[in-house]
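I opened this entry to keep track of what I looked up, in the order I looked it up. The sequence and structure go first, then my notes.

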Amino acid sequence: MNRLPKVIRFTRDLGWMVGLVVAMALAFALYVWAEKQIDQANAQRYQAFLLADELRQSSDDLTRMVRTYVVTGDPVYKQHFQDIMDIRDGRKPRPERYHQIYWDLMLADGPPPRPASPQTLPLLTLMRQAGFTDAEFHTLAEAKAQSDALTATEFTAMKLAEATGPQAEADRAKARLLVHDEHYHRTKA
C-alpha cells in the first residue's frame with residue numbers, strides 16, 4: 001500500500017523533470033535563434049559601414065588621383081580616376097574585397113592588387129540593399145551627389161593640365177590651384 005504513492009510521486013516528479021527539460025530546450029532554442037538574428041543584424045550593419053566608408057575612401061582616392069595627374073601629367077592616374085568613377089557607378093566590375101585598401105596598392109605598370117568580381121552594381125544600389133534607414137540612405141545619397149559634383153571641378157583641372165601652347169604653363173598652374181584652393185576643400189568637406 002505504501003508503495004503505490006511512491007510510484008505516483010515518482011511519475012509526477014518524472015513528468016515535472018521532463019517538462020522542465022523541454023522548457024529548457026525551448027528556451028535554449030529561442031536563445032540560439034535570437035543570437036543568430038543579432039549576428040545577422042551585426043553583419044548587415046558592418047556591411048553597411050563598409051559601404052559608407054567606401055564612399056568616403058573613393059572620394060579621397062579620386063582627389064589623390066586628380067592631384068597626382070595635374071602635377072605629373074601621367075595618364076595612368078587619369079585612367080585610375082576614371083576606373084574609380086566607373087566602379088563606384090557600376091560601369092566596371094568591383095574588385096574583390098574592394099572595401100580594403102586597393103588604390104594604394106595599385107602600381108603604375110603592374111597588375112591590379114586583386115581580381116575583379118562579377119559584381120557591377122553602383123555603390124548607391126549596394127547601399128540601398130544594405131538596409132540603411134531612409135534617413136541614412138538620403139544622407140549617403142546626398143554625400144555621393146556632392147562627391148559627383150566635385151568631379152566636375154576635377155575634370156576641369158585635368159583638362160587644364162593637358163593644355164598645350166603658349167598658355168600651357170598658366171593653365172597647368174590653374175589646374176593645380178583648382179584642386180588645392182579653398183573652394184575645393186570646402187566642397188570636398
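How many nonpolar, polar and charged residues are in the lining of the largest pocket? I counted by class and got 4 nonpolar, 4 polar and 3 charged residues. I keep in mind that this is a predicted model.

**Largest pocket**

I looked up the volume next. The largest pocket holds about 220 Å³ of space. I then listed the lining. Leu-55, Arg-56, Ser-59 and Asp-60 are among the lining residues. Ala-143, Gln-146, Ser-147 and Leu-150 also line this pocket. Thr-187, Lys-188 and Ala-189 complete the list. I checked which elements give two or more residues to this lining: they are helix H1 (3–72), helix H4 (134–161) and helix H6 (182–188).

**Second largest pocket**

I moved on to the second largest pocket, with about 150 Å³ of space. Its lining has 13 residues. Which of them are the closest to its centre? I found Gln-47, Arg-94, Tyr-98, His-99 and Gln-119. H1 gives the most to this lining, with 4 residues. By class, I read 5 nonpolar, 4 polar and 4 charged residues.

**Whole chain**

I then stepped back to the fold. The protein chain has 6 helices and 0 strands. Along the sequence I read the pattern α-α-α-α-α-α.

Of the 189 residues, 29% count as buried. The chain exposes about 12,400 Å². Carbon and sulfur atoms supply 63% of that area.

**Ser-58**

Ser-58 is found in helix H1. Is Ser-58 buried or exposed? Its relative accessible area is 4%, and buried means under 20%, so Ser-58 is buried. I looked for its contacts, leaving aside neighbours within four places in sequence. Ser-58 is in contact with Ile-84 and Arg-88. I also checked Ser-58 against Gly-131, 73 residues apart along the chain. Their C-alpha atoms are separated by 21 Å.

Notes:
Residues are numbered from 1 along each chain as its sequence is written. This is a predicted model: local features need pLDDT of at least 70, side-chain atom pairs count only at pLDDT 80 or more; totals for chains, interfaces and linings use all residues. Side-chain values use heavy atoms; hydrogens and water are left out. On a 1 Å grid over the protein atoms alone, a cavity is a set of points where a 1.4 Å probe fits but cannot get out, and a pocket is an open set with protein on both sides within 12 Å along at least five of seven lines; lining residues have an atom within 4 Å of a point. Grid points are joined across faces, edges and corners, and a volume is the space filled by probe spheres set on the points. Ala, Val, Leu, Ile, Met, Phe, Trp, Tyr, Cys and Pro count as nonpolar, Asp, Glu, Lys and Arg as charged, and the others, Gly among them, as polar. Buried means under 20% relative accessible area, exposed over 50%, partly exposed in between (1.4 Å probe, protein chains only). Accessible areas come from the Shrake-Rupley method with a 1.4 Å probe; for residues, only the protein chains shown count as cover. Contact means heavy atoms within 4.5 Å.
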